[in-house]
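Subject: Structure for you to look at

Hello,

Here is the structure you will be working with. Please open it and keep it beside this email while you read the notes below.

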Amino acid sequence: MTTNTVFLLFCAVLLVLGGVAFTLSRAKASRVRATGTAMHAQPDQYAWFAVLATAGPALLVSALGAFALLLMGAEIPTLYLLSASLIIAAIGLVMGLSQVRPDFHARRAIEGVIRKLLAAAAMISILTTLGILLSIITEALRFFQMHSFWDFVTGTTWNPGASFLSAAGRGEEGGSAAQFGSIPLFAGTFMITLIAMLVAIPFGLGAAIYMVEFAPLRVRKAAKPVIEVLAGIPTVVYGVFAALTVAPLVVDIAGLFGLDASYSNALAPGLVMGIMIIPFISSLSDDVINSVPNSLREGALALGITKGEMVRNVVVPAAAPGIISASLLAVSRALGETMIVVMAAGMRPNLTANPLEDMTTVTVSIVAALTGDQEFESAQTLSAFALGLVLFVVTLTLNVVSVFMIRRFREKYRVNNL
């Protein structure tokens, strides 16, 4: 009997046991109520409690067994695991039926289970983040055992394939040492992200303010969906647009001013990435500005100031924490973008302050390190985890700074309004 057959049989038997638990418990509760005995819950609530008592422990045991099989490498026969889960389900069915009695609060018990399930759902994101962090740290430490951490964070040359290229060129077994200086990668990442933010924040925030404060209703209904359509366009389409249209346009405009620009420059993907991020800032800022109480607007206008002054001095400061959050979310989105950079900026690590030259980013280098024929144990592959770890720390730092800034803005706004 195959594993898939065993699993399907397990699901079928568990459904049957759940149906039996529901039917028997409901019938028992109905019989008790028919005698005129007061009960603390409805028959259906006793029935659903019996279903939870039957299926819940069985699913928990099977999930823990699957976790042990897949992640911990335990050797547990699938048939034994699912059989044990069904035995536990049968025991739960009997216990669920035994709880159908007048003094048992089935509704409270069900609500308690639901609260625990919601708490578990809330913990999934935290546990997932911890799991990702632990996996990255484990592999990054292996990389830092091969190469110096200090050289990694301060080096200005990124050439992980130097040893392989040197060996191939000379026909020797060894070659020059590979270089893993990450500064060019992070410089390119921050350069392209900065360009994107210089485009996205003014236009996104301006669009949000116009839509909420100045646009007629018919214009808002027509323009808002059009702006949000930009968020649904695949990034590969943006990459094609950046490489075939924007990059040559940047080269032509730079030539008009006597400047030399590469067709794989950092300015083109930065501009296109900024256009892509506009809907994120616009939509989130729109919601935040809409949440500002109208009493603040009416009070400001009653003092005789213009609508523009009201927006600048009242609405925007009140919505500043949300606007900052939206902008930092957009920064995180830009830091993680890969396709546009690959297609328009190239893959050459280049430490330069000139956005007209080709550059690359951390995410592109991670993809390059984890694809191809490299061995997983090689430093070139493990460098992807080191880059991911540093990028995680940078993103975490940005989040901490954003929380601090949001608190300062809120305190300042409260003080000014006292």
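A salt bridge is a side-chain nitrogen of Lys or Arg within 4 Å of a carboxyl oxygen of Asp or Glu. The model is predicted, so local features need pLDDT of at least 70 and side-chain atom pairs count only at pLDDT 80 or more, while totals for chains, interfaces and linings use all residues. Residues are numbered from 1 along each chain as its sequence is written, and side-chain values use heavy atoms, with hydrogens and water left out.

Confidence

pLDDT is the predictor's confidence in each residue, from 0 to 100. The protein averages 83, and 90% of the residues score at least 70. Helices here are DSSP runs of H or I with at least four residues, numbered from the N terminus. Confidence is highest in helix H7 (residues 183-214), at a mean of 91, and lowest in helix H6 (residues 162-170), at 46. Over residues 163-175 pLDDT stays under 50. For that stretch the model has eleven contacts (heavy atoms within 4.5 Å) beyond four places in sequence. Where pLDDT is low, the predicted coordinates should not be read in detail.

Salt bridges

Side chains of opposite charge can pair when their charged atoms come close. The structure holds nine salt bridges. One of them joins arginine 107 to glutamate 111, at 3.4 Å from N to O. Both residues lie in helix H4, four residues apart, which is about one turn of the helix.

For accessibility, buried means under 20% relative accessible area, exposed over 50%, and partly exposed in between (1.4 Å probe, protein chains only). Arginine 107, at 39%, counts as partly exposed, and glutamate 111 is partly exposed at 34%.

Lysine 224 and aspartate 286 form another salt bridge, with the closest N and O atoms 3.3 Å apart. Lysine 224 belongs to helix H8 (residues 217-229) and aspartate 286 to helix H10 (residues 267-290), so this pair ties together parts that are 62 residues apart in sequence. Are lysine 224 and aspartate 286 buried or exposed? Both are buried. Salt bridges also link Arg220, Lys224 and Asp286 in a network.

In the bridge between arginine 348 and aspartate 358, the closest N and O atoms are 2.7 Å apart. Both residues lie in the loop between helix H13 (339-344) and helix H14 (362-370), so the pair ties together parts that are ten residues apart in sequence. Arginine 348 is partly exposed at 43%, whereas aspartate 358 is buried at 14%.

Aromatic rings

Rings of Phe, Tyr and Trp (its six-membered ring) pair if their centres lie within 6.5 Å; planes under 30 degrees apart count as stacked, over 60 as edge-to-face and the rest as tilted. By this rule there are eleven aromatic pairs. In one of them, the rings of tyrosine 46 and phenylalanine 104 have centres 6.5 Å apart and planes at 40°, so the pair is tilted. Tyrosine 46 is in helix H2 (residues 43-70) and phenylalanine 104 in the loop between helix H3 (78-98) and helix H4 (106-146), so the pair ties together parts that are 58 residues apart in sequence. Tyrosine 46 and phenylalanine 104 are both buried.

Phenylalanine 143 and phenylalanine 152 make an edge-to-face pair, 5.6 Å centre to centre with 70° between the planes. Phenylalanine 143 is buried at 0% relative accessibility, and phenylalanine 152 is buried at 1%. Ring pairs link Phe143, Phe144, Phe149, Phe152, Trp158 and Phe180 into a cluster.

Regards

Note on methods
Helices (H or I, at least four residues) and strands (E, at least two) are DSSP runs, numbered from the N terminus.
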